[in-house]
Each structure stands twice: as C-alpha cells, then as structure tokens.
Amino acid sequence: MEEESEVVEFTPLCGSDAHDPLCSLLKIDGLRILLDCGWNDSFNTELLEPLREVCPKVDLVLISFPDLEHMGALPYAIKEFGLCKAGEKKVPICLTKAAADLGVLSLYDVYISRATEGEFPYFDLDDIDELRNKFLEVNFEQPVKIGGSDLEVSILRAGRLLGGGMWRIKREPEDILYAVDFNHKRCEICKSKHECTHISVRFR
C-alpha cells in the first residue's frame with residue numbers, strides 16, 4: 001500500500017461546468033494545495049459548500065488569474081470556512097503582484113457596486129483587506145519552496161489577464177502543470193520531453 005507521502009490526488013471542487021467558478025484541491029506528498037478559489041456573479045453559497053471541510057486543512061493556495069472566477073471566493077472562504085487559519089501555521093496565498101493588485105481592485109469593485117444596490121452579506125472591505133495580508137507575491141519563474149517538503153512551485157506567464165499565469169509544481173521525477181483557461185497548443189512547456197502531468201480544467 002502506498003504511503004500518503006507518495007499519493008497524488010486531484011479533486012475538482014468547482015468548475016466542472018463551463019459557467020462555474022474554478023476551485024480544485026491537489027493532494028501531493030501529504031500536502032493539500034488549493035488551486036484557485038473562484039466564485040461567480042450569482043454569489044450562490046451552495047457552489048462553495050465543497051470548500052467547507054477542505055479549507056481548514058489547506059497548506060497552500062495558488063491563484064492563476066486575478067478575476068472573480070479564480071479568486072472571488074477567497075474573502076468568503078477565509079471568513080466563513082477558516083481558509084488560511086490552520087492553527088499556528090501560516091498558509092500563504094501565492095500569486096503575482098499584478099494579480100494581487102488587480103484582484104483586490106476587482107473585489108473592491110464587486111463589493112461597492114453590490115452594496116450600493118442593497119445588502120451584500122458575503123464579504124466587505126475589511127475582509128478584502130484581511131485577504132491582502134495573506135498574499136505571498138511572487139515573480140514569474142521565481143521558485144518557491146513549500147514548507148519543509150521537497151516540493152517547489154513557480155508561476156509561468158500565461159497571458160489573457162495581466163499577472164495571470166500557470167503554476168508548475170516540481171516533484172521528482174515529474175512536474176505537475178496547472179494551466180486553466182489557457183490554450184495549450186502553443187505552449188512549449190507542454191511540448192517538453194521532460195515528464196510532466198498537465199491539469200487543465202477548461203479552455204474557452
């Protein structure tokens with residue numbers, strides 16, 4: 001029987017439908033990595049229910065694009081589900097600086113526009129500011145070690161949105177490439193002879 005440290009398991013939590021927000025869980029070497037944490041403009045909390053049990057156990061969050069579909073549920077998940085509150089351990093949310101800036105501005109805009117129309121109970125400006133404090137801003141291709149493990153992550157340019165990217169998770173003897181909403185046909189990394197597992201939820 002395989003040890004937990006040798007198991008790689010990918011579970012889509014949202015995003016199986018083309019109109020759903022994106023959020024998935026990757027279990028690898030005993031670590032739980034949340035891949036995106038999106039919502040959509042319906043703000044239906046039932047879409048986020050799969051996150052309830054997952055969030056308190058997450059070790060790392062990787063955000064690929066700075067829009068509602070990829071990071072819109074972050075303030076709600078922190079506030080209601082305990083994301084990034086795994087005891088005394090610091091759980092970072094990794095993204096580029098450009099994605100951090102644009103993502104926060106997008107969430108400000110969502111709250112202000114919805115709050116002026118009526119009650120918006122899901123998150124407020126203080127929740128967005130708390131979210132910003134949990135960001136770990138990285139540069140493209142900057143390697144980041146995950147805790148005390150042998151895993152290393154880095155974000156690669158993907159285009160489409162400023163600051164957006166695809167995440168490469170280095171784990172011997174192969175890499176795992178998380179690339180969503182991205183056209184893989186012209187991706188040189190995907191054509192590499194190096195052993196690589198691709199996670200591609202959708203491309204529209």
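**View 1. The buried residues of helix 5 are Asp127, Ile128 and Leu131.** Helix 5 spans residues 125–132. Seen down the axis of helix 5, these buried residues fall within an arc of 100 degrees, so they line one face of the helix. The arc is that of the directions from the helix axis to the C-beta atoms. An α-helix has 3.6 residues a turn, so residues three or four places apart point the same way. Buried means under 20% relative accessible area, exposed means over 50%, and partly exposed lies in between (1.4 Å probe, protein chains only). Helices (H or I, at least four residues) and strands (E, at least two) are DSSP runs, numbered from the N terminus.

This is a predicted model: local features need pLDDT of at least 70, side-chain atom pairs count only at pLDDT 80 or more, and totals for chains, interfaces and linings use all residues. Residues are numbered from 1 along each chain as its sequence is written, and side-chain values use heavy atoms, with hydrogens and water left out.

**View 2. Several elements cover the buried residues of helix 5.** Two helices are among them: helix 3 (74–81) and helix 4 (97–117). Strand 5 (93–96) and strand 6 (135–138) are also included in the cover.

**View 3. Asp124 sits at the start of helix 5.** A side-chain oxygen of Asp124 comes to within 3.1 Å of the backbone nitrogen of Asp126.

**View 4. Asp101 and Arg132 form a salt bridge.** A salt bridge is a side-chain nitrogen of Lys or Arg within 4 Å of a carboxyl oxygen of Asp or Glu. Here the closest N and O atoms are 2.8 Å apart. Asp101 lies in helix 4 and Arg132 in helix 5, so the pair ties together parts that are 31 residues apart in sequence. Asp101 is partly exposed, at 26% relative accessible area. Arg132 is partly exposed too, at 27%.

**View 5. Arg132 also forms a salt bridge with Glu137.** Their closest N and O atoms are 2.9 Å apart. Glu137 is partly exposed, with a relative accessible area of 32%.

**View 6. Lys170 and Asp175 meet in a salt bridge.** The distance is 3.9 Å, N to O. Lys170 is partly exposed at 31% relative accessibility, whereas Asp175 is buried at 7%. Elsewhere, salt bridges that share partners join Lys97, Asp101, Arg132 and Glu137 into one network. The whole structure holds 7 salt bridges.

**View 7. Asp67 is a buried loop residue.** Its loop runs between strand 4 (60–62) and helix 2 (68–71). The relative accessibility of Asp67 is 17%. Leave aside the neighbours within four places in sequence, and Asp67 is in contact (heavy atoms within 4.5 Å) with Gly72, Arg160 and Leu161.

**View 8. Asp29 has a positive phi.** Most residues other than glycine have a negative phi. The phi of Asp29 is near 50 degrees. Asp29 is found in the loop between strand 2 (23–28) and strand 3 (31–35). At 25% relative accessibility, Asp29 counts as partly exposed.

**View 9. Glu141 has a positive phi although it is not a glycine.** The value is about 70 degrees. Glu141 lies in the loop between strand 6 and strand 7 (144–145). With 55% relative accessibility, Glu141 counts as exposed.

Terms used
Polar contact = N/O pair within 3.5 Å; in protein donor to acceptor, adjacent residues only side chain to side chain.
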